[in-house]
Number of protein chains: 2
Amino acid sequence: MTSPSILGQINLRKPYAIFMGDVTDPASAKTGFGLRDWCRADVVGQIRTSDDAVDLGLPDMSVGSAATAGARSIIVGIAPDGGRLSEAWATTLASAAAAGLDVVSGLHTRLEAYPIVEAASKAGGSRLINIRHPGLTFGVGTGRKRSGQRVLTVGTDCALGKKYTALSLAAELKSRGIAATFRATGQTGIMISGAGIPIDAMVADFVAGAAEALSPDAPADHWDVIEGQGSLFHPSYAAVTLGLVHGSQPDAMVLCHDPCRTSVDGLPDYPLPSLEVAARLYEEVARLTNRSARVAAVSLNTGSMTAEQAEAALADVTRELGVPATDPMRFGASPLAAAILG
Amino acid sequence: MTSPSILGQINLRKPYAIFMGDVTDPASAKTGFGLRDWCRADVVGQIRTSDDAVDLGLPDMSVGSAATAGARSIIVGIAPDGGRLSEAWATTLASAAAAGLDVVSGLHTRLEAYPIVEAASKAGGSRLINIRHPGLTFGVGTGRKRSGQRVLTVGTDCALGKKYTALSLAAELKSRGIAATFRATGQTGIMISGAGIPIDAMVADFVAGAAEALSPDAPADHWDVIEGQGSLFHPSYAAVTLGLVHGSQPDAMVLCHDPCRTSVDGLPDYPLPSLEVAARLYEEVARLTNRSARVAAVSLNTGSMTAEQAEAALADVTRELGVPATDPMRFGASPLAAAILG
C-alpha cells in the first residue's frame, strides 16, 4: 500500500508506532483503528500511557522498545478534545523524536508549538510532520490530459466510506495482478499509505493543481485509485470536491452512499440527492477534464442494515442506475474492480 | 464604494496614493488603471519614479506631498515581471511607510521580504498589507440561510468582466436609492472598495465559510453585489468558483460572457460552454444553498465589437436565454438592476 515518491507529496517513513496516550473513548481513536485495519504490516505496536487507554490489540511498547523494533515514525493515533496535546503526551512524543523517530500528527495544533518536542526533534535528527499544515506548494491546474487510468471515489455526503472504498478497490486490483496505486488525499489515508496530499489544506487556487500532481503520468494500464473528499452536495466542502474531481481527471468514479442517511451529516436542512442526480452531476463536471468520465459503480455503506436489507438495497441501486453496486466492507470490492475494468 | 467593516475582512485606509514606479508597459499597470477608473475620489495622486512611467492622468506627487494631501495608504499599482519589487521601489515604499502611510501590495512577494520597508513600517506605525497573503481565518461554511438579498457575478471564463459588472451594478442600484454594497473577492476589487476577502487565497476547506462571512445577515431590502471569481468551466479555478457560489447563497446571478471568445483563456483545448449550459449548471449548484437562485441577466463583454454587432449579440442572448442582456461598460447597468429587482 505504498506509493512511489512524488515531489511535493508528504512522504512518511515506515514502520510506525501508534501513540494512543491515555484516551479511553474509542471514538477519539479512529486514526489508530484505521492504521491497524489498513496497514497492520507497517505497524510495530502501540504506545499507551495508561492501562485504561483504548487498546488496538497491538503489542504494547515503550518508545525504547518501539525504536528497537525498527519503528521509524510515531503517529498520533488519537484526537484529543480541542485538538491540543497534553503536556504528558508531549513528553512521550519528545522522547520518540529524541530517539530518531519522526513524529506525525494530524492535529490542528502544530507539533512545533511544544518546545520540548521541537528541541528533541533537532537533537534526534527526526522530522515533525503536521499533516494538516503540510506547507506544500503546487501550481494552478493546467487541465492537460495525463496518461494512465484513474478512478476516484465520490459521494453523496462526507464520512460515508470514500477512503475505505478506495483502499478496498486498490487492494482488489492488486490482487488481480493489475498495477494500481492508492492515492491519499486526507490525513488518515496519508498515514495508511505513507504518502499523499491533504487536499483540503491546499489554498483554493491550487486544489486542482495539487490533484494533478497527486496522480502524474503513468503507464497506460496503470490505475491510480484516488481517495475522494467531501461532496458536491455539501455546502461546506464542495469546493474541495470539485477541484479534486477536475484535477484527478477520473476515467471512472465510484459513487459512495449511505442508504440510511436522508440529509447531509449534521445539516438536517440539506436533503441528500438521489443517486441519479448525484451521478449525473459528478459526470457532468468530471467531463470538463475527461470527456469519458463515468460513474462506473456504487459503493453502499450498509453497516446499519441486516444482510438481507443490504442485498435488497444493492439490487435496488443496480436497477435504478444500471451499474454494479456493492458494500466493499461486507461483500468485497470485486464488483467495483470488474466495473472499472469492464 | 466603501463597505462596512466585517471582522476578518481586509480593511484598507483611504485615500490612496498610487505607486507606479518606473513601469512603462500599460499592461503591467492594470491595478493603477482600475483604481483610477473606479475610485477616483479616493485617490490623491500618483507617485512615479521616472518621467517615462505609465501616466494615469492623476496629479504627480512625491511621498511627502501625498502625505500632506492626506493619503493614508500607498498602493502598488503595477505588477513587475516576476512579481518582485526592485530595490529602488522598496526605497520609495519605505519612505511612505515611515511617513505613516500603510503600504498595500497585491504582489506575490511579501512586503516584509524587504527589510527597509519592514523597518520603516515599524518606525512609522503603519501597516504592511499583502493582499495575496491575507492571513485571515474563517470557519467552514454552515449553509445557514442569511437575511438580505444577494447577487453574484459568474462567468463562462475568467477575466471577462465579473468585477466591473459587479461594480457597475452596485453603482446603478445606489443611484436608484437602493441599499447596496459591493463585496470584493479579488485584490483589485478589494483595493477599489477598501475592504473584502481574497477568496482564492483561502484554504480550500474554508472557501465557502469565507464567502458566508463576506456577506453577512442584512436588512431584507439590502443587496450585496458580490464580485465573482473564476468559472465552473475552468479546469484550474472551478473549486474557488463553487465555494464562492455556495457561500454567497445568491438570489440572483449575472452571467458574464465574451461572445468573441471560443475557448477558455489560454487553454485552446477547453471550449467555452454555451450560455444555456452555463446558466443551467450555475443555477443547479447555486440551488444547493438557495432554492430560488436564478440567472437573472447576462453581461456581455463586447469590447472588440462594433456597436451594431454588440446590439445584435445582446439581442441574440435575450432571445436564447429569455433574460435581459447588456454590456454595462458600453450601455450601462440599468438592465441588470431592473432584472434583479424585477
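**Reading the labels in a two-chain model**

Q: Where in chain B is the place of B:Q249?
A: B:Q249 sits in the loop between α8 (238–248) and β11 (252–257) of chain B; helices (H or I, at least four residues) and strands (E, at least two) are DSSP runs, numbered from the N terminus. The model is predicted, with local features needing pLDDT of at least 70, side-chain atom pairs pLDDT 80 or more, and totals for chains, interfaces and linings using all residues. Residues are numbered from 1 along each chain, chains are lettered from A and ligands numbered from 1 as written, and side-chain values use heavy atoms, without hydrogens and water.

Q: Why is B:Q249 called buried?
A: Its relative accessible area is 0%, and buried means under 20%, exposed over 50%, and partly exposed in between (1.4 Å probe, protein chains only). B:Q249 is therefore buried. Its phi is near 50 degrees, a positive value in a residue other than glycine.

Q: What makes A:A159 exposed?
A: A:A159 has a relative accessible area of 61%, so the exposed class applies. This residue, in the loop between β7 (149–155) and α5 (162–175) of chain A, has a positive phi of about 55 degrees although it is not a glycine.

Q: Why is the pair A:R280 and B:E284 called a salt bridge?
A: The closest N and O atoms are 2.6 Å apart. A salt bridge requires a side-chain nitrogen of Lys or Arg within 4 Å of a carboxyl oxygen of Asp or Glu, so the pair qualifies. Across the interface of chain A and chain B, the rule finds two salt bridges.
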